[in-house]
Amino acid sequence: MDSSVGPAKAAAPTAGDVAREVNAQIRAIAESLAANGEEDDEENYTFFCECGCLHTVTLTLADFLVARAAFVAGHKTAAPR
Ligand SMILES: [Zn+2]
């Protein structure tokens, strides 16, 4: 990892935290588009892998709502159920 960007702080969000926040924003936008009838929930959106690798994941809103998260295939760590 490149640690030269700014001082390291314990409170700094991890890449996974940022991905979850961005995905929540994308979900909110997708839901408002769906609510307006501009897009249906089969429309594909680009989410970010929440493991922190920040690779992109293409999911429909419906898929994201079912999974409640976005991960590149194989990146998801054991999910508590
Ligand atoms: Zn990942």
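**Note on the strands and the nonpolar core**

1. Look at β2 (56-60). Buried means 20 or more other C-beta atoms within 10 Å of the residue's own; 12 or fewer is exposed, in between is partly exposed, and C-beta atoms are placed from the backbone. Strands (E, at least two residues) and helices (H or I, at least four) are DSSP runs, numbered from the N terminus.

2. This is a predicted model: local features need pLDDT of at least 70, side-chain atom pairs count only at pLDDT 80 or more, and totals for chains, interfaces and linings use all residues. Residues are numbered from 1 along each chain as its sequence is written.

3. β2 pairs with β1 in the antiparallel sense, over five bridges. Pairing requires at least two DSSP bridges between two strands. Thr-46 has Thr-58 in β2 as its bridge partner.

4. The largest nonpolar core has twelve residues, including Val-57, Leu-59, Phe-64 and Phe-71. Such a core is a set of buried Ala, Val, Leu, Ile, Met, Phe, Trp, Tyr and Cys residues joined through C-beta atoms within 7 Å. α1, β1, β2 and α2 each supply at least two residues of this core. β1 gives the largest share, three residues.

5. Phe-71 lies in the segment after α2. Phe-71 counts as buried because it has 20 C-beta neighbours inside 10 Å. Leaving aside neighbours within four places in sequence, its contacts (C-beta atoms, placed from the backbone, within 7 Å) include Cys-49 and Val-57.

Definitions and conventions
Two residues are in contact if their C-beta atoms, placed from the backbone, lie within 7 Å.
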